Amino acid sequence: MTTSKSHVVILGGNFAGLASAQKIREYAGDSVDITLIDRKDYLLFVPNVPTDVMENRDPAKRQRLQLRPALASDDIAFVQGIVKRVDIDRRSVDFLPFERPGAECEVLHYDYLVIALGAHLAYDRIPGFAEHGHTVSDLFHGERLRQYLHEGGYQGGPIVIGSAHFHQGNGAEGLAPYPGGSIPYAHAACEGPIMELTTALASWLTTSRKGKPDKITVFTPEEELIAADAGENNVRHFLKLIDGMGIHYRKNMPDIARLTAEGVEFQGGETIEAELKMILPDWVAHECLRDLPICDSMGFIKTNLLMRNPEHPEIFAAGDCAAVTMPKIGGIGHQEAEIVGRQIALDMGRMDAEEANQPLQPVTFCIGDMGESKAFYVRANTWFGGQDEVLKMGRIPYRLKMRYRDLFFLTNGKIPGFGLELAQFTAEKVF
Ligand SMILES: Cc1cc2nc3c(=O)[nH]c(=O)nc-3n(C[C@H](O)[C@H](O)[C@H](O)COP(=O)(O)OP(=O)(O)OC[C@H]3O[C@@H](n4cnc5c(N)ncnc54)[C@H](O)[C@@H]3O)c2cc1C
């Protein structure tokens, strides 16, 4: 950078990174130069991969938003590179250009750093996963599962769906996003997709005449309630629904020891028999961040509720890599990106303190496919100490899920506030 403007470097260009870059540009205007680094040059729209898989579409064709034009339209520089190291004292980032093997390591200096690198989804820590496991968290595994389900791989045997244990660090201790509330500890990183896959697979079994939903067992490492962040009443309602469908629910499960051809084997020796094993893994901090002094006990970035690291206020984190982001869902990353944009605008003198200093009040906001053009809609903050819990099910949430994705692509990720409010209004008031 050769200008005298402050240089904001953003690490990661998926939901939290792209939204942070756009919000900084929106609120801080031309007072900053912005560079975003990601290993890939597209945003992967993870939430709609499961629906593509269940509806027999290759997710690679529909769930990639090209980053270069999206960023260029806001005068944000893009580097396709792998982040190798952050030097906090020198305020620099080492990265490896990623277009061709053999490139030399480069250094980028920053005045502000926004870390939005997500997490390492540790399938590699589940013995037997590559041979026997399935998942929907990326294009490769999504397409593999699509072929298995729709092209004759699945033989009609039992199905198990659940999460490996998540090891949450201590980085959000003491934070109170709502009066008297907290960022609680969870034993699974992100269980919304588990609930979604349970209902979507139940519907698929029936419509494709492969059997009844009672083939399915869903398990959770949580003592009592799966996806408790969705609100206790909402989850109890959901559990009643799946119980009525004959789906088996297992709670308080030990961590996964290995996957085998026969099923999922848990630590302690129990095996749940399964042909199809749908697993979400542990969310682990990236190696290039893990040992930095800005990290918590498990390598997630410590921030306050204004998304700044307390010891290094020039460093922000947003999305899954932030310790405060629990559960690891994109909706919370988006709320955090808004805060990052306002904080940098404050520092640049482009926003006053009252407008900028609005701390994170996380809300679990999730629309999950249930098959047959139906979905569930959840909006809840009770897990964090708030008062709201809403659950709706039916065709309108499904249409909202599809329209949200379309609007996201149409606006390059800049869904206007009124779009979200309209979605909330439609889901909660119109039916
Ligand atoms: C199946 C599934 C369904 C989901 N559905 C929902 C949903 O309906 N709603 C919801 O809110 N959330 C959902 N989530 C969670 C959501 O996908 C994540 O919370 C969200 O993607 C996190 O965004 P992020 O930007 O923080 O991290 P990520 O999406 O993980 O992005 C991190 C970015 O950093 C880049 N990166 C990583 N390491 C490096 C490196 N060393 N160098 C350069 N670049 C790097 C990656 O390429 C990536 O682009 C779902 C998750 C799964 C698995």
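# Core, strands and ligand shell of a predicted model

Val 114 touches Val 8, Ile 10, Leu 11, Ser 20, Phe 316, Ala 318 and Val 340, leaving aside residues up to four places away in sequence. The model discussed here is predicted. Val 114 also belongs to the largest nonpolar core, which has 126 residues. Val 8, Leu 11, Val 114, Ile 115, Ile 301, Ala 318 and Cys 321 are the members with the most contacts inside this core.

How is strand E20 placed relative to the rest of the structure? Eight of the eight residues of E20 (residues 364–371) are buried, so the strand is largely enclosed by the rest of the structure. In a regular strand the side chains alternate between the two faces of the sheet. Both faces of E20 are covered: one side carries Thr 364, Cys 366, Gly 368 and Met 370, the other Phe 365, Ile 367, Asp 369 and Gly 371, and all of these are buried. Within the pairing of E20 with E21 (residues 374–380), Ile 367 stands opposite Tyr 377. The two strands form a hairpin with two residues between them, and Glu 372 in the turn has a positive phi of about 50 degrees.

A hairpin is also formed by E5 and E6, with four residues between them; Arg 91 in its turn has a positive phi of about 55 degrees. Asp 87 stands opposite Ser 92 in E6.

| Strand pair | Bridges |
|---|---|
| E20 and E21 (residues 374–380) | seven |
| E5 and E6 (residues 92–97) | six |
| E6 and E7 (residues 106–109) | four |

A parallel arrangement is found elsewhere: five strands form an open sheet in the order E10-E17-E11-E12-E13. Its edge strands, E10 (133–134) and E13 (248–250), each pair on one side only. Helix H6 (residues 192–207) packs on this sheet, touching E11 (159–163), E12 (216–219) and E17, and its direction makes about 165 degrees with that of E11. Two bridges join E10 to E17 (residues 276–280), and Gly 133 stands opposite Lys 277 in E17.

Which residues come nearest to the ligand? Of the 34 residues around the ligand, these are Gly 12, Asn 14, Pro 47, Gly 118 and Gly 319. Two or more residues of the shell come from each of helix H1 (15–28), strand E2 (32–38), helix H2 (49–54), strand E5 (77–87), H6 and helix H9 (330–347). By class, the shell has 17 nonpolar, 12 polar and five charged residues.

Notes. Residues numbered from 1 in each chain as written. Predicted model: local features only at pLDDT ≥ 70, side-chain atom pairs only at ≥ 80, totals over all residues. Pairing = 2+ DSSP bridges. Contact = placed C-beta atoms within 7 Å. Axes fitted to C-alpha atoms, helices over the stretch in contact; angles between N-to-C directions. Near = placed C-beta within 6 Å. Nonpolar A, V, L, I, M, F, W, Y, C, P; charged D, E, K, R; others polar. Core = buried A, V, L, I, M, F, W, Y, C linked by C-beta atoms within 7 Å. Buried ≥ 20, exposed ≤ 12 C-beta atoms within 10 Å, placed from the backbone.
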